[in-house]
Amino acid sequence: MTLEKARQLLAAQVSFGGGYNRNGARLVLAEVAREHGQAAVDTLIRELGLDQIFGFIPGQLP
């Protein structure tokens with residue numbers, strides 16, 4: 001998965017909000033971590049504000 005595709009998917013999860021979408025976001029971030037590493041995950045968490053919305057912590061896999 002490209003990072004741009006991950007951004008699009010995560011933006012959709014953010015727009016819907018809720019617990020089920022938190023799990024969807026976790027799955028996307030896990031895929032990003034597998035393909036691009038933790039640094040890419042941390043960047044996406046900060047860029048999209050996933051720490052505020054879903055409580056994800058940069059430096060840890062969600």
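At roughly what angle do the axes of helix H1 and helix H3 cross, and within what distance do they come? This is a predicted model, in which local features need pLDDT of at least 70, side-chain atom pairs count only at pLDDT 80 or more, and totals for chains, interfaces and linings use all residues. Residues are numbered from 1 along each chain as its sequence is written, and side-chain values use heavy atoms, with hydrogens and water left out.

Select residues 3-16, helix H1, and then residues 38-48, helix H3: their axes come within 11 Å and cross at roughly 40 degrees. That makes H1 oblique to H3, since angles under 35 degrees count as roughly parallel, over 145 as roughly antiparallel, 65 to 115 as roughly perpendicular and the rest as oblique. Helices here are DSSP runs (H or I) of at least four residues, numbered from the N terminus.

Next, show the side chains of Leu3, Ala6, Arg7 and Leu10 in H1, which meet Ala40, Leu44, Glu47 and Leu48 in H3, where contact means heavy atoms within 4.5 Å. By class, this contact of H1 with H3 has six nonpolar, no polar and two charged residues; Ala and Leu count as nonpolar, Arg and Glu as charged.

Now move to Asn23, which lies in helix H2, residues 19-36. With 40% relative accessibility, Asn23 counts as partly exposed, a class between buried (under 20% relative accessible area) and exposed (over 50%), computed with a 1.4 Å probe on protein chains only.

Finally, select Phe54, which is buried at 10% relative accessible area, and Phe56, which is buried at 3%.

Definitions and conventions: Axes are lines fitted to C-alpha atoms, for helices over the stretch in contact, and angles run from 0 to 180 degrees between N-to-C directions. Helices (H or I, at least four residues) and strands (E, at least two) are DSSP runs, numbered from the N terminus.
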